[in-house]
Amino acid sequence: SQEGIRGDAPETTLELSQEIELGGKRSARIEAAQRAMDVAAADLQDAQARLRGAVMGAYYDVLTAQERLDLAQAASKLAKQAVNVANRRVRAGMVSPVEETRARVAATGVQVELAQATAELEAARTRLAANWGNPQPRFERVKEPVEAVPPLPELAELYSRLNDSAQLTRARREAERRRAALELERTNRFSNVTVSVGAQRSDEYNGTLGLVSISMPLPLFDRNQGNIGAAQERAYQAQDELNAVHIRLKSELSQAHMRLRTARQQFELLRNDMLPSAQSAYEAASKGFELGKFTFLDVLDAQRSLFQARSQYLSALSQANQAAAEIARIVGDGSAVIPSATQP
């Protein structure tokens, strides 16, 4: 700065000032920022687990739609054969024309189901591809996983791993961040010191003077009581939320474990009993139809029973894997494997 610019003896001053934070403000501010980073990292972990579960659900929707389309295509092929066979039998006088009409009606219904199955598969493929950012799917089919049903861990073991949950970790980090914010507000009660050094040059005396100053505001009426009180209440709230999240996650973990156990039981029954029986009945009806022992409607009923069994099988498989993915999300385990899709 310069004084007396128009005078005969101006004075020029050069001064440097540095504010020195007192009361641990810097360390408290760094701690609060670090806790905020921890909260963001926990949010990322939870988002990854949720995305994993969404992809697995969409994957099994595609798998079920593929199965329905395969069965609908097989039914369409049989329907055409049934109409031709019924037409020949009517011309030969072996059956009533009503039999041909029934075969044509059934064939029309099969074509409708084929169109629906095709549309459902396309929609399921689009939903699955959207999870990784593709507006249109670049794959034709997905493979059924070799290790179909996930194992059933002990519930006590899962409870012991609950502290690794992304949501619980996030709630814990948030409580720590709120406590750090409270400590930061407490440090703001203390005033900072500003230290200044400099030199002053006077042309009148033709000399240079050294300058040193120390300044500190006096907080006579403001001790930051309002901000400290608000931060204290937010810290209490975060601790209550942490306790609530722990109770909720423990309940969700128990329910997911029960769903996995039930889905595994259904899967075993369907794979070992119902599905082989339905497959055998369908193969017998198809062979009998070719030999003229069964009507097309008999084959269609057997095929629908097979599709129902396959749908229940895939549904149990999907429920088991989604329950396992939910357990992995709750306990914070990122080891769940997403089955792969095959390129055309």
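Trainee: In this predicted model, how do helix H1 and helix H2 pack?

Mentor: Helix H1 covers residues 25-91, and helix H2 covers residues 97-130. They pack at an angle of about 160 degrees. Their axes are 7 Å apart.

Trainee: Why are H1 and H2 called roughly antiparallel?

Mentor: Set the angle against the cut-off. Angles over 145 degrees count as roughly antiparallel. The angle here is about 160 degrees. H1 and H2 are therefore roughly antiparallel to each other.

Trainee: Is the crossing of H1 and H2 left-handed or right-handed?

Mentor: H1 passes H2 in a left-handed crossing. By class, their contact has 22 nonpolar, seven polar and 10 charged residues.

Trainee: On to Ser-196. Where does Ser-196 lie, and what makes Ser-196 count as buried?

Mentor: Ser-196 lies in strand S4, residues 193-202. Buried means under 20% relative accessible area. Ser-196 has 6% relative accessibility, so Ser-196 counts as buried.

Trainee: What makes the link between the side chains of Ser-196 and Ser-17 a polar contact?

Mentor: A polar contact needs a pair of N or O atoms within 3.5 Å, with one able to donate a hydrogen and the other to accept it. The polar contact between the side chains of Ser-196 and Ser-17 is 2.6 Å.

Trainee: Which residues does Ser-196 touch, not counting residues up to four places away in sequence?

Mentor: Ser-196 touches Glu-15, Leu-16, Ser-17, Leu-211, Val-212 and Ser-213.

Trainee: Now helix H6. How do you know whether Ala-323 is buried or exposed?

Mentor: Ala-323 lies in helix H6, residues 296-331. The cut-off for buried is under 20%. Ala-323 has 2% relative accessibility, so Ala-323 counts as buried. Leaving out residues up to four places away in sequence, Ala-323 touches Ala-256, Arg-259 and Leu-260.

Trainee: What about Ser-318: buried or exposed?

Mentor: Ser-318 also lies in helix H6. The relative accessible area of Ser-318 is 10%, so Ser-318 is buried.

Trainee: How far apart are Ser-318 and Tyr-60, along the chain and between C-alpha atoms?

Mentor: Ser-318 and Tyr-60 are 258 residues apart along the chain. Their C-alpha atoms are separated by 5.7 Å.

Trainee: Last one. Why is Leu-158 called buried?

Mentor: Leu-158 lies in helix H3, residues 155-160. Leu-158 has 1% relative accessibility, so Leu-158 counts as buried. Beyond neighbours within four places in sequence, Leu-158 is in contact with Pro-153, Leu-253, His-257, Ile-327 and Val-331.

Technical notes:
Residues are numbered from 1 along each chain as its sequence is written. This is a predicted model: local features need pLDDT of at least 70, side-chain atom pairs count only at pLDDT 80 or more; totals for chains, interfaces and linings use all residues. Side-chain values use heavy atoms; hydrogens and water are left out. Helices (H or I, at least four residues) and strands (E, at least two) are DSSP runs, numbered from the N terminus. Buried means under 20% relative accessible area, exposed over 50%, partly exposed in between (1.4 Å probe, protein chains only). Contact means heavy atoms within 4.5 Å. Axes are lines fitted to C-alpha atoms, for helices over the stretch in contact, and angles run from 0 to 180 degrees between N-to-C directions. Angles under 35 degrees count as roughly parallel, over 145 as roughly antiparallel, 65 to 115 as roughly perpendicular and the rest as oblique. A crossing is left-handed if the near helix is turned anticlockwise from the far one by less than a right angle, and right-handed if clockwise. Ala, Val, Leu, Ile, Met, Phe, Trp, Tyr, Cys and Pro count as nonpolar, Asp, Glu, Lys and Arg as charged, and the others, Gly among them, as polar.
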